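Dear colleague,

Please look through it first and then read on.

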Amino acid sequence: MLKVAVVGLGWWGRIIVGLLRGNAALRVLAGVDPNTAASAEFAREQGIALHPRLEDALADPQIEAVVLCTPHSLHQAQILAAAKAGKHVFCEKPLALSRADVLAAVAACNTNRVALAVGHERRFEPPILELMRMLRAGEIGTPLQVEANFSQDKFLAIDPQNWRLSPQEAPAGPLTATGIHLLDLSIGVFGAAESAFASVRQLGSALVNGDTLAVLLAFRGGGHALISAMLATPFVGRFAVYGSKGWIEVRDKNHPEAPEGWEFITCLRGARPERRDLPPAPSVLANLEAFAEAARGGAPYPVPQQEMIANICALEAVIRSTRSGKVEAVEGVDGADG
């Protein structure tokens, strides 16, 4: 069992603590939050210690790993500190906000021989696992294009001063909230991106940092991804891959926070589309358990580090494009070992 501290006891951190209660692979020993007054009752209810500083958790020899549910701009420094302390790291997305920061974070984990995982739970959803299996088996031929949308309106109800809405933490509106997942899945299909053209607008809300994002990515190995993400429309989730022999589409029935299953549609050349309903599955928990397995020296964490880095390289280019209004080159992923 991997003994962890959850760093950041806001909305998502509390969900993680609840998910891990009674889990056989991971046990939460402590929470870390600078606002101890707001977190004390929750910590008592969960039966975990509460620390005001990350350093307190890193100094505890019982704690073997940290789960970072903190503002994006803090991730790199927190990963470096945890790795130096010999703690394994699970970091919520995005892993960093720049190529330089993600390269430093990955290098620190490798140098200190600790596992690194990232909160891209969509990779662990059964329909995405099946989509990737079919793709690698050549069942839909050469992948040509991705079309994807991940939108929600949850942020309309939160305090406008919340860090998730700030220009520093969300420099391209919906990108770091939802679009980042679609960047990650597209890289899982095509590999590293080559260029990005993106636009973010404030169209349907009071979210001054933008509520509507459109992205066109071109990939080094060929293919494109058309990605949209919105913060001013009810939840919708869709990921489709079009190939030279057929296509696959995954449609979410509900937000991943409370999954209700998926509609899985396939169409091969010469046949009619086939639809299947897939039941809900705890993909967030599956991701955390894969991290625990890797930290314990078992199966390697299934998201390659090169793809973690490629995701942040693409993210950085998308951010630049929303500011310049031009096509921006994606810097290379070179610099990681492992």
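The residues that line the largest cavity divide into 9 nonpolar, 9 polar and 5 charged, where Ala, Val, Leu, Ile, Met, Phe, Trp, Tyr, Cys and Pro count as nonpolar, Asp, Glu, Lys and Arg as charged, and the others, Gly among them, as polar. Before going further, please note that this is a predicted model, in which local features need pLDDT of at least 70 and side-chain atom pairs count only at pLDDT 80 or more, while totals for chains, interfaces and linings use all residues. Residues are numbered from 1 along each chain as its sequence is written, and side-chain values use heavy atoms, with hydrogens and water left out.

The largest cavity has a volume of about 330 Å³, and of the 23 residues that line this cavity, W11, W12, K93, R164 and A177 are the closest to its centre. In the whole structure, the search finds 3 cavities of 30 Å³ or more. On a 1 Å grid over the protein atoms alone, a cavity is a set of points where a 1.4 Å probe fits but cannot get out, a pocket is an open set with protein on both sides within 12 Å along at least five of seven lines, and lining residues have an atom within 4 Å of a point. Grid points are joined across faces, edges and corners, and a volume is the space filled by probe spheres set on the points.

The largest pocket has a volume of about 400 Å³; 24 residues line this pocket, and the closest to its centre are G8, G10, C69, P71 and W163. Helix α1 (residues 11-20) gives the most to the lining of the largest pocket, with 3 residues, helices (H or I, at least four residues) and strands (E, at least two) being DSSP runs numbered from the N terminus. By type, the lining of the largest pocket holds 14 nonpolar, 6 polar and 4 charged residues.

Turning to the strands, two of which pair if DSSP finds at least two bridges between them, β1 (residues 2-7) and β2 pair in the parallel sense over 6 bridges, with V6 opposite G31 in β2. Strand β2 (residues 26-32) is mostly covered, as 6 of its 7 residues are buried, that is, under 20% relative accessible area with a 1.4 Å probe and protein chains only. β1 also pairs with β4 in the parallel sense, over 4 bridges, and A5 stands opposite V66 in β4. Both faces of strand β4 (residues 65-68) are covered, with A65 and V67 buried on one side and V66 and L68 buried on the other. A further 4 bridges join β4 to the parallel strand β5 (residues 88-91), where F90 is the bridge partner of V67.

There is also an open sheet of 9 strands with mixed pairing, in the order β14-β13-β12-β11-β7-β10-β9-β8-β15. β14 (274-278) and β15 (328-329) stand at the edges, each with a single partner strand, so one side of each is left without a neighbour in the sheet. Within this sheet, strands β9 (residues 212-219) and β10 (residues 224-230) run antiparallel and are joined by 7 bridges, and L216 stands opposite L226 in β10.

Finally, the charged end of R122 sits over the ring of F150, 4.8 Å from its centre, the criterion being NZ of Lys or CZ of Arg within 6 Å of the ring centre and within 35 degrees of the ring normal.

With best wishes

Definitions and conventions. Buried means under 20% relative accessible area, exposed over 50%, partly exposed in between (1.4 Å probe, protein chains only).
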